[in-house]
Amino acid sequence: MSVTKAKMQKLRGEIAFMKENYPGLKPNFSAMSKEIGISRQTIAKVWKDPTSPSKPRQKRKSKFDPYYQEIREKFEIQSTTIKAVFQYMKARYPEVFTSYDSFKSYVRANKLTEVREEYLKSHVRYETEPGEEVQIDWKESIQFTLSTGEVIEFNLFAAVFGYSRYTVFIYSRTKTTEDFIRCMIELMIRTGGVPRSFKTDNMSAIVSTFSGQKRKLPVIRQFEKDIETPIRLCRVRQPQSKGKVESANRFVSWLEPYQGELSSEEELIETIEKINRQINQESSRTTGYPRVLLMKKEKEHLRPLNRIPLLDSYLKEADTQKVPATLLVNYEGHGYSVPKKFIAKRVKLIRIEDELQIYYNNDLICTHQISDRPLNYKNEHYLDGLRDSIEPKKDETAEDYESRIQKKAEESLKKMDLLAGKVK
C-alpha cells in the first residue's frame with residue numbers, strides 16, 4: 001500500500017485519540033488498515049511507538065542511473081523532446097535503452113524535462129568585437145541517403161565568428177581529437193587568420209574526465225600554445241553561452257531537400273560547401289548585414305596564421321586497418337591488441353604523444369602506451385581471445401574453467417615478455 005503523508009497524519013491522530021480516551025483498549029488493526037489504506041504492520045508499529053519517524057522510502061535503482069548526467073545535458077537543449085533523447089541514447093547504448101515507456105517514466109520521475117527551464121531563463125545577448133571570438137561545435141551523426149541507396153553518416157564541424165556571424169561548415173566522417181584539430185587548422189587556413197579566442201563546450205575530443213573533473217587533453221593544451229590562442233570551454237549546463245554556433249546548426253536543415261538526389265560522397269561535400277556560401281551571402285537576422293560583408297572587416301582584426309609549417313605536423317594521415325583474428329593491429333612494426341568484438345572491422349590508429357589511440361567509427365575503443373615490445377596484448381583482450389579458442393572440459397565448473405583460462409593467459413603473456421627481452 002502507498003503511504004502518503006496525509007494517511008500517516010490521520011493514523012497518528014486516530015491512535016493518539018484512542019490512547020487518550022480508551023487506554024488499555026487495543027484497536028482492530030485489520031479494520032483500520034482497510035479504512036485508512038495503510039498496512040496493518042505499519043499501524044502496529046505506530047501503535048507501539050506513535051512518535052517513531054516514518055522509514056524513508058528507498059529510491060528504486062534504475063538501469064538508466066549511470067547515464068543520468070548525459071541524459072540531463074541533452075534535456076538542456078531547448079527544442080529537444082523525450083523521444084528525441086531516447087533515440088539518441090538508444091543509438092549509443094542499444095543494450096540499455098530498449099524500452100521507450102521505461103525511459104519516459106524515468107525522465108518524468110527525475111523531472112528532467114524541467115531542466116530546460118534553466119535554459120529558458122532570460123539571458124541577455126552579448127556582442128563581441130571584430131576578431132575577438134569564434135564559437136565552435138559539432139553537428140553530430142547526420143545521416144544522408146545517396147541516390148544509390150547508400151546511407152552516409154557524418155558530422156559537421158561548425159564555426160561562427162562572433163562579430164560577423166560568418167559561418168564555416170567542415171565535413172568529417174568522425175569527430176576524434178585528430179579530426180577536431182584538423183578542422184580547426186582548416187578553419188584558420190580558409191579564413192586567413194586566428195581570432196583572439198575560441199569557445200566550445202566540453203566535448204570529448206577536447207577534455208577528459210578525471211576524478212569527476214574535466215581537464216583539457218595534453219595535445220589540446222599543446223595545440224593552444226602552437227596557435228597562440230586559448231580554446232575556452234563553456235560552463236557546464238549553459239549551452240546558451242555559445243548560442244551563435246547553436247543557431248548556425250539550424251542551417252543544416254538546408255541539406256534535407258537533397259536527400260536521395262546526390263550520387264556520391266564527393267557531391268555531398270560540394271553541396272555542403274555550396275550551402276555554406278549561400279548562408280554567408282544571406283543577411284544575419286541579428287546584424288541585418290550579409291555575413292560575408294562583415295567578415296571583410298573582421299578579417300582585418302584576425303592575427304596572421306604564420307606557423308603553418310608547425311601546424312602541418314598535426315595533419316598526418318591516420319592509419320586505418322582491418323582487425324585480424326589475432327586481435328593485433330600493427331603500428332610501426334609492433335602489434336597492439338583491440339577487443340575481440342572488432343575482429344574483421346576497420347579501426348583507426350592515431351598517435352597522440354606517447355599514446356596510441358584506437359577508434360572504431362566515432363568511439364575510442366582502447367589506448368596503449370607506445371612500446372618497443374613486438375606484441376602488446378591487454379590482459380582482458382587476451383582472455384577474451386582464449387575463451388574463444390579453449391573450450392571447457394567435460395564436468396569442469398565455470399570457476400575451474402575461468403581459473404584455467406587465467407593461468408594460461410598469464411603463462412602466455414609471460415613468454416611474450418621474455419621474448420620482448422630477447423629482442424631488445
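Strands S2 and S3 (residues 167–172) pair in the antiparallel sense over 6 bridges; strands pair if DSSP finds at least two bridges between them. Helices (H or I, at least four residues) and strands (E, at least two) are DSSP runs, numbered from the N terminus. This is a predicted model, in which local features need pLDDT of at least 70. Residues are numbered from 1 along each chain as its sequence is written.

- S2 (residues 151–161) is mostly covered, with 9 of its 11 residues buried, where buried means under 20% relative accessible area, exposed over 50%, and partly exposed in between (1.4 Å probe, protein chains only).
- Strand S1 (residues 134–145) runs antiparallel to S2 and is joined to it by 10 bridges.
- Ala159 in S2 stands opposite Ile136, and the bridge partner of Ala159 in S3 is Val168.
- The hairpin of S1 and S2 has 5 residues between the strands, and Gly149 there takes a positive phi near 95°.
- The hairpin of S2 and S3 also has 5 residues between its strands, and Arg165 in the turn has a positive phi of about 65°.

**Helix H9**
- The buried residues of H9 (residues 218–227) are Val219, Ile220, Phe223, Glu224, Asp226 and Ile227.
- Seen down the axis of H9, these buried residues fall within an arc of 165°, so they line one face of the helix; the arc is that of the directions from the helix axis to the C-beta atoms.
- Glu228, which follows H9, has a positive phi near 60°.

**Tyr22**
- Tyr22 lies in the loop between helix H1 (5–21) and helix H2 (29–36).
- Tyr22 is partly exposed, with a relative accessible area of 45%.

Technical notes. This is a predicted model: local features need pLDDT of at least 70, side-chain atom pairs count only at pLDDT 80 or more; totals for chains, interfaces and linings use all residues. Side-chain values use heavy atoms; hydrogens and water are left out.
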